[in-house]
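This briefing sets out selected features of the structure shown below.

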Amino acid sequence: MKNYVKLAFCAAAFMALQSCQNSERKDRDDPATVQADTALDTTLRAQAATADVDLTGNEKSFLLNAAVTGMTQISAARMIIGKTKRPEIKSLAEMMIKDHTKMATDLSLIANGKGMSLPEALPQSKRDELSRLETLTADELDKKYLVMLINEHRTAVDLFDRATTYENADVKQFAAKALPALKAHQKQAEDLGLKLNISNAGNGDNDDGVAPDVKK
């Protein structure tokens, strides 16, 4: 009888422990409900879903998306610096490299602290996009680069803005700290598009969708 009671007690304790552990793991094992499909390929989505770290699905997805966004901006900026003939475009690209390199450093510190690996290379879709840009003439590249900057930063601002509502304090702080720079990048790209008559906002000539809703 004593052995039966002892076994029953141990079984109950084990079940309680498992229940507690499952409760603690629930959020980290939940899939992301918010995801920027343009940034993450299938491999990275799987990484976000399976990474055994103390972050929710959305938080893991955000870190991976933020890493891809930063790498894309740095790679594109390096390309444009070597080809553009416009000093304003070159200056903007140099700012992208400086600011996104700093964000990448901050992001790596958070990911390393959580035991999460960040991608070291761009997804194939992003590499293909950059390869297409490389084939353009200097003037065409300037135009497409500003299109990319504006669109990518609109997506990034939305992504980072949502991240400021997540639970993890480090993730929230990183997102909040980066947001002003991302918004400034978007604004400067839009303003430069208008200055160079690239966006042609409101006159019906905007075939490339550059900042169509920007007003001077």
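In this predicted model, Ala76 is in contact with Leu130, Tyr145 and Met148, once its neighbours within four places in sequence are left aside. Ala76 is found in helix α3 and counts as buried, because its relative accessibility is 2% and the cut-off for buried is under 20%. Ala76 and Leu133 are 57 residues apart in sequence, yet their C-alpha atoms are 8.5 Å apart in space.

**Overall architecture**

- The protein chain has seven helices and zero strands, so that the order along the sequence reads α-α-α-α-α-α-α.
- The chain comprises 216 residues, of which 44% count as buried.
- The chain exposes about 11900 Å², and carbon and sulfur atoms supply 53% of this area.
- Of the contacts between residues at least 6 apart in sequence, 75% join residues at least 24 apart.

**Confidence of the prediction**

- The average pLDDT of the protein chain is 78, and 67% of the residues score at least 70.
- Among the elements, α4 has the highest mean pLDDT, at 96, whereas helix α1 (residues 2–29) has the lowest, at 47.
- Over residues 35–39 the pLDDT stays under 50, and the model has 13 contacts beyond four places in sequence for this stretch.
- Residues 211–216 also stay under 50 in pLDDT, and for them the model has 13 contacts beyond four places in sequence.

**The largest pocket**

- The largest pocket holds about 230 Å³ of space.
- Its lining consists of 18 residues, and those that lie nearest the centre are Ala66, Ala67, Met71, Ala104 and Leu107.
- Two or more lining residues come from each of α3 (57–83), α4 (87–114) and α7 (169–195).
- By residue class, the lining of the largest pocket contains 12 nonpolar, five polar and one charged.

**The second largest pocket**

- The second largest pocket has a volume of about 160 Å³.
- Its lining is made up of Glu129, Arg132, Leu133, Leu136, Lys144, Val147, Met148, Asn151 and Glu152.
- Helices α5 (124–134) and α6 (138–163) each supply at least two residues of this lining, and α6 gives the most, with five residues.
- The lining of the second largest pocket divides into four nonpolar residues, one polar residue and four charged residues.

- Asp142 has its place in helix α6.
- Is Asp142 buried or exposed? Asp142 counts as buried, because its relative accessibility is 1% and buried means under 20%.
- Beyond its neighbours within four places in sequence, Asp142 is in contact with Ile80, Thr84, Arg86 and Ile89.
- Val171 lies in helix α7, and with a relative accessible area of 0% it is buried.
- Which residues is Val171 in contact with, leaving aside its neighbours within four places in sequence? They are Leu55, Glu59, Phe62, Leu63, Ala163 and Tyr166.
- One of these contacts, Phe62, lies 109 residues from Val171 along the chain, with the two C-alpha atoms separated by 8.6 Å.

**An exposed loop position**

- Gly115 lies in the loop between α4 and α5.
- Gly115 counts as exposed, because its relative accessible area is 59% and exposed means over 50%.
- The C-alpha atoms of Gly115 and Val53 are separated by 6.5 Å, although the two residues are 62 apart along the chain.

Conventions:
Residues are numbered from 1 along each chain as its sequence is written. This is a predicted model: local features need pLDDT of at least 70, side-chain atom pairs count only at pLDDT 80 or more; totals for chains, interfaces and linings use all residues. Side-chain values use heavy atoms; hydrogens and water are left out. On a 1 Å grid over the protein atoms alone, a cavity is a set of points where a 1.4 Å probe fits but cannot get out, and a pocket is an open set with protein on both sides within 12 Å along at least five of seven lines; lining residues have an atom within 4 Å of a point. Grid points are joined across faces, edges and corners, and a volume is the space filled by probe spheres set on the points. Helices (H or I, at least four residues) and strands (E, at least two) are DSSP runs, numbered from the N terminus. Ala, Val, Leu, Ile, Met, Phe, Trp, Tyr, Cys and Pro count as nonpolar, Asp, Glu, Lys and Arg as charged, and the others, Gly among them, as polar. Buried means under 20% relative accessible area, exposed over 50%, partly exposed in between (1.4 Å probe, protein chains only). Contact means heavy atoms within 4.5 Å. Accessible areas come from the Shrake-Rupley method with a 1.4 Å probe; for residues, only the protein chains shown count as cover. pLDDT is the predictor's confidence in each residue, from 0 to 100.
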